[in-house]
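Please read them beside the sequence and the structure.

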Amino acid sequence: MNQSSSTPVVSLERRINRLINANQSQSPSRSIYSDRFIPSRSGSNFALFDLSPSPSKDGKEDGAGSYATLLRAAMFGPETPEKRDITGFSSSRNIFRFKTETKTHRSFNSFSPFGVDDPPGCVSHSPVKAPRKVPRSPYKVLDAPALQDDFYLNLVDWSAQNVLAVGLGNCVYLWNACSSKVTKLCDLGADDSVCSVGWALRGTHLAVGTSTGKVQIWDASRCKRTRTMEGHRLRVGALAWGSSVLSSGSRDKSILQRDIRCQEDHVSKLAGHKSEVCGLKWSYDNRELASGGNDNRLFVWNQHSTQPVLKYSEHTAAVKAIAWSPHVHGLLASGGGTADRCIRFWNTTTNTHLSSIDTCSQVCNLAWSKNVNELVSTHGYSQNQIIVWKYPTMSKIATLTGHTYRVLYLAVSPDGQTIVTGAGDETLRFWNVFPSPKSQNTDSEIGSSFFGRTTIR
């Protein structure tokens with residue numbers, strides 16, 4: 001009886017041992033099944049996190065082990081004595097740690113799962129960013145009758161209050177970008193015409209340069225002229241506001257510095273150009289003034305001298321297009337006219353010419369994006385196009401067409417996303433060319449639909 005009762009126990013023990021050791025004892029040609037699921041952990045990569053390193057049986061590294069080693073090296077870097085902390089444990093065991101490790105420079109094999117562009121020790125969880133899409137059509141068009149086809153004028157500017165000022169003939173019109181309301185600000189009369197407009201950096205004051213050499217200051221909120229300043233003998237085609245200084249450039253070759261807080265019409269006169277001043281732009285820190293002229297010269301002035309502190313003569317045509325970078329101190333871009341066609345970059349801090357690119361077309365305007373390191377240029381003869389560039393590679397992000405005349409006028413919206421362009425075809429076109437500051441790679445719905453064509457007067 002004792003013998004018969006021990007037999008089932010032995011049989012059950014053998015059955016359990018046979019199931020546990022199924023992976024080791026099964027033949028290649030036969031699969032063993034059971035009524036219980038006992039998982040096999042032979043293929044698990046415990047060695048990935050140093051939990052249970054197990055060498056291979058034959059002394060050779062199998063495929064799973066090679067991948068685990070490569071993956072651990074790509075994630076945590078090669079195992080070095082410096083990467084062990086004071087407890088003696090490898091830094092790769094503590095996956096979530098806030099300690100900054102010293103990165104070790106190394107090269108990846110071509111079969112690295114993270115690619116050669118990822119920095120050592122970094123894992124990118126986001127997909128590759130697609131190139132930003134720029135709408136190829138303007139989202140709004142305004143008819144602007146009597147918008148002059150004159151390279152030396154500057155008739156469009158966009159204020160910080162989101163109001164567009166446009167000089168049409170002898171009148172200045174204001175277009176509110178929020179309400180689309182059009183207001184006639186002033187009429188200079190039959191004997192005068194508008195040659196330039198420029199908004200103050202803050203507030204609602206607008207400067208208007210006239211063909212008789214005068215500069216008028218208007219309070220746009222009240223549609224009231226507050227001051228008229230003289231000093232130029234010929235037309236005023238360029239205006240630029242600094243912190244408290246208004247600079248005006250004229251066909252009489254001079255630049256006048258005007259402090260609107262003073263009673264005098266101007267506080268200083270800058271002489272240096274040999275022909276009409278057609279481009280003016282203050283740097284973002286209001287310490288340097290760049291001027292371009294029909295004498296093919298680009299000058300840089302400071303607040304303490306009536307002579308240019310820097311002189312550049314590389315352009316071979318009139319310099320109207322000027323833009324200071326909001327990202328790099330002292331970085332200045334300039335564009336030349338029909339005989340030059342080049343955009344040039346300068347470091348005014350070190351007085352060096354950085355680079356140049358031939359655009360194959362007359363450069364009329366330049367504007368830097370304040371949201372990303374890109375700039376936009378508008379062109380005349382013979383392409384009449386608008387180009388968005390990536391700096392410093394100067395690769396083209398987008399080329400926009402639509403104007404049938406030279407794109408002589410350019411202004412940027414206060415949020416930095418939209419530009420407005422004007423041409424002798426008597427139209428103003430609005431384009432979404434730059435991303436927003438918050439989401440620099442998300443496609444904006446603004447500009448995807450066409451809101452119709454209206455007139456500004």
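1. Strand β20 and strand β21 (residues 352-358) pair in the antiparallel sense over six bridges; two strands pair if DSSP finds at least two bridges between them. Strands are DSSP runs of E with at least two residues, numbered from the N terminus. Across this pairing, Ile 343 stands opposite Ile 357 in β21. The hairpin of β20 and β21 has four residues between the strands, and Asn 351 there takes a positive phi near 60°.

2. The model is a predicted one, in which local features need pLDDT of at least 70 and side-chain atom pairs count only at pLDDT 80 or more, while totals for chains, interfaces and linings use all residues. Residues are numbered from 1 along each chain as its sequence is written, and side-chain values use heavy atoms, with hydrogens and water left out.

3. β20 also pairs with strand β19 (residues 331-336), in the antiparallel sense and over five bridges. Here Leu 331 stands opposite Asn 347 in β20. Five residues lie between the strands of the β19 and β20 hairpin, where Arg 341 has a positive phi near 65°. Strand β20 (residues 342-347) is largely enclosed by the rest of the structure, because five of its six residues are buried. Buried means under 20% relative accessible area, exposed over 50%, and partly exposed in between (1.4 Å probe, protein chains only).

4. Nine salt bridges are counted in the model, a salt bridge being a side-chain nitrogen of Lys or Arg within 4 Å of a carboxyl oxygen of Asp or Glu. Among them is the pair Arg 222 and Asp 219, whose closest N and O atoms are 3.0 Å apart. Which of these partners is buried and which is exposed? Arg 222 is exposed, at 52% relative accessibility, whereas Asp 219 is buried, with a relative accessible area of 8%.

5. Glu 276 is buried, with a relative accessible area of 5%, and Arg 235 is buried at 13% relative accessibility.

6. A salt bridge also joins the side chains of Arg 251 and Glu 276 (3.8 Å, N to O). Again the pair links distant parts of the chain, 25 residues apart, with Arg 251 in the loop between β11 (245-250) and β12 (254-259). Arg 251 is partly exposed, with a relative accessible area of 44%. Asp 150, Arg 235, Arg 251 and Glu 276 are linked in a network of salt bridges.

7. The largest pocket has a volume of about 1,200 Å³. Of the 44 residues that line it, Asp 157, Trp 158, Leu 201, Lys 281 and Tyr 284 are the closest to its centre. On a 1 Å grid over the protein atoms alone, a pocket is an open set of points where a 1.4 Å probe fits, with protein on both sides within 12 Å along at least five of seven lines, and lining residues have an atom within 4 Å of a point. Grid points are joined across faces, edges and corners, and the volume is the space filled by probe spheres set on the points.

8. Strands that each supply at least two residues of the lining of the largest pocket include β2 (156-158), β10, β14 and β26 (407-412). By class, this lining has 30 nonpolar, ten polar and four charged residues. Ala, Val, Leu, Ile, Met, Phe, Trp, Tyr, Cys and Pro count as nonpolar, Asp, Glu, Lys and Arg as charged, and the others, Gly among them, as polar.

9. Most residues other than glycine have a negative phi, and most peptide bonds are trans. The peptide bond from Tyr 381 to Ser 382 is cis, with omega near 5°, and Ser 382 lies in the loop between β23 (374-379) and β24 (386-390). The bond from Tyr 391 to Pro 392 is also cis, with omega near 10°. Asn 286, in the loop between β14 and β15 (288-293), has a positive phi near 60° and is buried, with a relative accessible area of 16%.
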